Amino acid sequence: VMKLNPQQAPLYGDSVITVQLTEEDKVEDDVVFYLVFTGSTVQHCTSTRKINPGSLETISPGHDCCETVKVALCASREGHPVLVVAEESFQFVQDEAYDAAQFLATCAGNQQALNFTRFLDRSRPPAADVDFLDEKVALAFRHLKLPAEWNVLGADQSLSENIPRETLMHFAVRLGLLRLTWFLLQQPGGRGALSIHNNEGATPVSLALERGYQKLHQLLTEEEAREPDSWSTLSHTVHSGDYSVKHHRGLDVYMLTAEA
């Protein structure tokens, strides 16, 4: 039996999983271990890196639905057949960050909901929490299957730029969410949102300035602004038909995902 820690991951993946090996699996250096996650419709295979003789590390894949999957630890050695050395179950769950991303995506044009998000601002969370929230919600947003017509400003594009209103961009900037702001900027309506005034006459750009968020203000105003450091910048994905391969540069882990 191997021990996986944690035994679950959010649907959007990209969290670190540690694998504890049993005594008999602690083998010579020339053995390569990888994990195979088998879901109902999708299968993932991830490489691992050794932390020490008894434990490995990998990155959880992003999955297509909430379910318990089977994980097989496979060992391969040159000139030998691949062995399945242990099996364990693992759960993909929808966490708060995923719920938040779904909620925000759904209420892009909903003024009541967007005004409600301003409550969050009264209880300024500590910077470390904001950073964690920013990272997770941005990852979750990337993983959502947004409809083709999705727009940062909501579905009703007939609204003229001159109508004062709250936007998703105001929300992201007000909380200082750098990575979410970057993600929204790349979406349809993202750039357009920058010049929209809310009922107090603030634009996302003026909010960033007023709050002293220098990095955020640069992100919104500089032509050459680059993506803020995040898990998403650490990984690179290539799609081909039903397959995708992702390389996580931080841990140097590769992940192959295929329709089962």
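Trainee: How many helices and strands does the protein chain have?

Mentor: Helices (H or I, at least four residues) and strands (E, at least two) are DSSP runs, numbered from the N terminus. The protein chain has nine helices and twelve strands. This is a predicted model: local features need pLDDT of at least 70, side-chain atom pairs count only at pLDDT 80 or more, and totals for chains, interfaces and linings use all residues. Residues are numbered from 1 along each chain as its sequence is written, and side-chain values use heavy atoms, with hydrogens and water left out.

Trainee: What percentage of the residues of the protein chain count as buried?

Mentor: Buried means under 20% relative accessible area, exposed over 50%, partly exposed in between (1.4 Å probe, protein chains only). Of the 260 residues, 47% count as buried.

Trainee: Which residues touch the most other members of the largest nonpolar core?

Mentor: A nonpolar core is a set of buried Ala, Val, Leu, Ile, Met, Phe, Trp, Tyr and Cys residues joined through side-chain atoms within 4.5 Å. Here the largest has 59 residues, and Phe-90, Phe-141, Leu-180 and Leu-184 touch the most other members. Helix 6 (residues 178-185) gives the most to this core, with six residues.

Trainee: Why does this core lie between domain 1 and domain 2?

Mentor: Domain bounds come from an automatic or database domain assignment. Domain 1 (3-94 + 235-259) and domain 2 (96-226) both give residues to this core, so it lies between them.

Trainee: What is Phe-90 in contact with?

Mentor: Contact means heavy atoms within 4.5 Å. Leaving aside neighbours within four places in sequence, the partners of Phe-90 include Leu-4, Ile-17, Phe-37 and Val-71.
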